[in-house]
Amino acid sequence: MSSYLGIDLGTSNCAVARAAAESCPEILQITQAVSANGIGEKALLPSAVYLPAEGEFPEGTPALPWAKMPRGWVLGTFARDRGSLQPDRLIVSAKSWLCHPHVDRSGPVLPWASDAIAHKWSPLEVSRQLLEHLIEISKSAGDAPDAGHVVVTVPASFDETARGLTLEAAQLAGLGEVTLLEEPQAAFYAWLESQGPGWRKQARAGDLLLVCDVGGGTADFSLIAVTGRDGELSLERVAVGEHLLLGGDNMDLALAHAVSEKLAASGKPLDEWQFLALVQAVRSAKEALLSDPALAEAPLAIPSRSSKLIASTARTSLTRDEVADIAINGFFPICAPEEMPAMRRAGGIRESGLPYAADAAISKHLARFLTRAKANVSSSPHLLDVIGGAERIARSPLLIPDAVLFNGGVFNAAALRRRVLELLSQWAGDPVRELEGAQADHAVALGAAIYARLRATGNGLRIKSGTARSYYIGMEAASLAVPGRRPVTKALCVAPQGMEEGTSHAIVGQVFFLYTGEVSEFRFFHSEVRAGDRPGDLLPGVSELEESAHLEIAIPPPPGHEPGEEVPVSVETQVTELGHLELFFVHAPTGDRWKLEFHIRMQ
Amino acid sequence: MAKKLLIGAAGGILVLNVGILVFPDPNATVAVEIFSALCGMAFLFLGARAEAQPARPSEPASVCLAPPRPEAEIIAFLALLQEHGRLVDFAREEIAGATDAQVGAAARVVHAGCRKVLDEYFDIQPVHPGQEGDRVALEPGYDAAAHRLLGMVPDRPPYQGKLLHPGWMSPSVKLPRITGITERQPWPVIAPAEVELR
């Protein structure tokens with residue numbers, strides 16, 4: 001009996017779900033090191049790797065059942081716990097590094113800014129080890145996964161380079177060619193399955209649904225439209241957001257800093273380890289306050305690491321006002337639809353590292369997403385049709401959804417869900433409702449397993465999506481050479497947004513001249529807001545586009561040509577059956593095709 | 001075996017050398033001296049090789065060991081309660097001079113941590129459903145191991161009484177499996193000493 005595997009390779013936690021042919025998908029318990037000398041099972045695998053010092057584990061790190069040789073490193077719960085005490089030796093959030101534009105993502109860079117480690121890891125290596133671990137779990141829980149039946153999730157905001165690296169990690173882990181699925185879509189599939197046929201009562205034709213996923217460290221938004229034709233409902237994804245490094249962890253840190261300042265002001269400053277304990281304590285206190293409206297304050301007891309627990313535990317409390325001020329109004333303020341988040345100042349010297357969001361107000365990021373979504377939909381007649389016509393656009397500067405599906409640990413708190421709905425309702429002028437029945441934990445892994453089954457069997461409703469962005473190659477405009485002025489770069493659209501699996505486009509009318517035998521480089525751009533661009537469209541400039549990678553190619557001379565000659569080629573793009581974007585140069589006379597490789601743009 | 005051969009060979013050379021002392025014969029003397037020298041060099045060579053060869057390493061702690069001793073399991077569980085709930089720190093500390101507020105704050109830490117451990121590794125439920133103070137009827141054949149009777153207890157059931165404590169039981173236990181047990185360390189430490197490095 002075939003089984004389908006869904007892997008949620010998360011920034012803070014990974015999970016894996018398995019769906020058998022007819023039954024509900026289930027989350028697999030993940031065997032991992034839970035303490036210095038204990039192996040246990042948990043539903044989540046923290047995406048943390050701890051690199052011990054020499055002699056720290058004389059008997060070896062806790063041995064997993066499948067490891068034939070003792071390993072010099074640990075991953076999972078124990079790695080996260082031990083690493084919180086030794087942050088220099090801990091690698092976390094490797095996934096966010098996969099889409100960092102200025103870092104060699106296959107090179108040894110993690111732990112970032114740490115001098116303690118001689119042999120660092122690459123973000124690619126971390127992803128690979130996590131996948132290998134999850135594959136072993138699925139093997140011990142049943143049959144080894146067949147590559148065609150495995151789906152790995154990625155954020156919708158991952159560009160092609162980051163997706164390519166995730167695929168490479170899956171290849172290295174021994175999974176072969178897997179299918180990638182966007183996380184907000186996975187959460188939606190899990191909701192669809194949990195509702196069964198009853199989902200049509202909650203979402204009707206003409207509705208626009210927002211998937212609002214705010215986890216521990218990241219926030220991801222997507223818009224899905226429900227269209228109806230002859231009584232048949234279908235779903236199409238119309239907009240994706242940017243990669244936001246902002247989440248529940250920021251909230252806990254903000255609250256912890258506020259409490260720590262309160263304690264310091266009253267003459268009881270906390271040391272580094274007490275602050276760590278405070279962040280944990282504040283998390284539970286915040287959850288208690290947000291779930292029980294009658295509670296006015298939650299007591300906080302902050303132990304130190306000494307054995308004198310009674311003598312050295314600091315006492316304070318987290319008040320409802322503090323939670324309201326910081327968690328609710330600080331992160332989800334009621335703002336006007338035109339308020340955009342403060343962007344990072346361009347040109348300031350900034351410590352290199354992950355590009356954390358400069359503005360903590362998630363509401364403003366949501367406003368920005370909905371504004372860009374409106375721009376995206378407006379640019380494409382097809383998408384305008386899908387959302388029900390231009391009248392919807394004209395109402396407001398934003399594209400307001402009709403219902404929201406919440407995902408992520410942050411939205412376990414009903415107060416925060418109500419706040420987001422209140423905000424959206426204010427912008428819309430009409431009440432915006434919540435899609436009931438969302439399972440905040442594990443929805444992404446479950447949805448991935450459901451999608452794997454759906455692809456293989458064809459049973460079930462699929463969200464029409466295709467590529468999340470439109471892609472462009474940079475071309476230098478032919479113009480007279482003027483000293484001191486760089487020629488303008490134009491952008492040729494090679495892949496439209498929404499390009500579906502198994503389709504390809506040949507760009508006619510634009511010919512590139514390549515020198516054979518030499519490496520040629522091309523700038524590569526993408527955009528989330530230009531759904532209307534068709535392949536072959538030439539944009540006059542690149543200022544509105546995002547540059548992500550560059551393309552490299554070295555062509556051997558075709559028969560009848562000498563090396564060093566210029567050869568005319570045209571571009572062909574293809575999206576494989578698994579949803580991977582590939583670009584080729586085609587030499588028309590001989591029909592030769594060469595594949596372009598994506599390379600990270602290093603500065 | 002090698003030792004016996006060595007002793008036998010050394011003994012033989014000694015006898016030969018004594019022999020040429022007792023019966024000096026120029027040819028025999030030269031022969032025995034050369035033979036002794038060759039044997040000496042051979043012994044030196046073999047001795048050096050034996051030292052260069054590392055002693056066969058003792059069996060490393062392999063992945064599949066004998067099941068850990070019961071003490072190891074208990075200590076590991078206590079270590080869990082100490083790690084997450086600081087239970088041993090709390091119980092070992094002197095409480096007489098502390099105020100209720102201080103003890104209360106420490107108790108919150110212990111409560112939060114120990115509850116987390118109990119919830120995670122056990123499935124603790126009451127033995128007897130119902131509120132404390134409810135009337136309880138125990139029929140003949142009741143589970144005597146799971147009930148404790150107080151007060152005036154007749155010879156045999158049925159009994160009528162009042163529930164003072166619902167009891168606790170757990171149908172399942174799923175503790176982490178212990179690793180790293182060796183001859184040298186048959187059970188783990190309850191809590192490691194902590195040293196801060198700057």
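**Where the chains meet**

In this predicted model, 21 residues of chain A are in contact with 26 residues of chain B. On the side of chain A that touches chain B, at least two residues each come from β4 (30-35), β5 (38-42), β15 (297-302) and α9 (309-312) of chain A. By residue class, this side of chain A has ten nonpolar, seven polar and four charged residues.

Strand pairing also crosses between the chains. β5(A) pairs with strand β5 (residues 177-178) of chain B over two bridges, in the antiparallel sense. In this pairing, A:Gly38 is opposite B:Ile178 in β5(B).

Strands of a sheet pair through backbone hydrogen bonds, either parallel or antiparallel. Within chain A, three strands form an open sheet in the order β8-β7-β9, and their pairing is antiparallel. β8 (74-75) and β9 (90-91) of chain A are at the edges with a single partner strand each, so one side of each has no neighbour in the sheet. Strand β7 (residues 49-50) of chain A is joined to β8(A) by two bridges, and the two run antiparallel. A:Val49 has A:Leu75 in β8(A) as its bridge partner.

In chain B, consider helix α3 (residues 70-85) and helix α5 (residues 100-121), whose axes come within 7 Å and cross at roughly 135°. α3(B) and α5(B) are therefore oblique to each other, and their crossing is right-handed. The contact involves B:Leu80, B:Leu81, B:His84 and B:Gly85 of α3(B), together with B:Val110, B:Gly113, B:Cys114, B:Lys116 and B:Val117 of α5(B). Five of the residues in this contact of α3(B) with α5(B) are nonpolar, three polar and one charged.

Note on methods
Residues are numbered from 1 along each chain as its sequence is written. Chains are lettered from A and ligands numbered from 1 in the order in which they are written. This is a predicted model: local features need pLDDT of at least 70, side-chain atom pairs count only at pLDDT 80 or more; totals for chains, interfaces and linings use all residues. Two residues are in contact if their C-beta atoms, placed from the backbone, lie within 7 Å. Helices (H or I, at least four residues) and strands (E, at least two) are DSSP runs, numbered from the N terminus. Ala, Val, Leu, Ile, Met, Phe, Trp, Tyr, Cys and Pro count as nonpolar, Asp, Glu, Lys and Arg as charged, and the others, Gly among them, as polar. Two strands pair if DSSP finds at least two bridges between them. Axes are lines fitted to C-alpha atoms, for helices over the stretch in contact, and angles run from 0 to 180 degrees between N-to-C directions. Angles under 35 degrees count as roughly parallel, over 145 as roughly antiparallel, 65 to 115 as roughly perpendicular and the rest as oblique. A crossing is left-handed if the near helix is turned anticlockwise from the far one by less than a right angle, and right-handed if clockwise.
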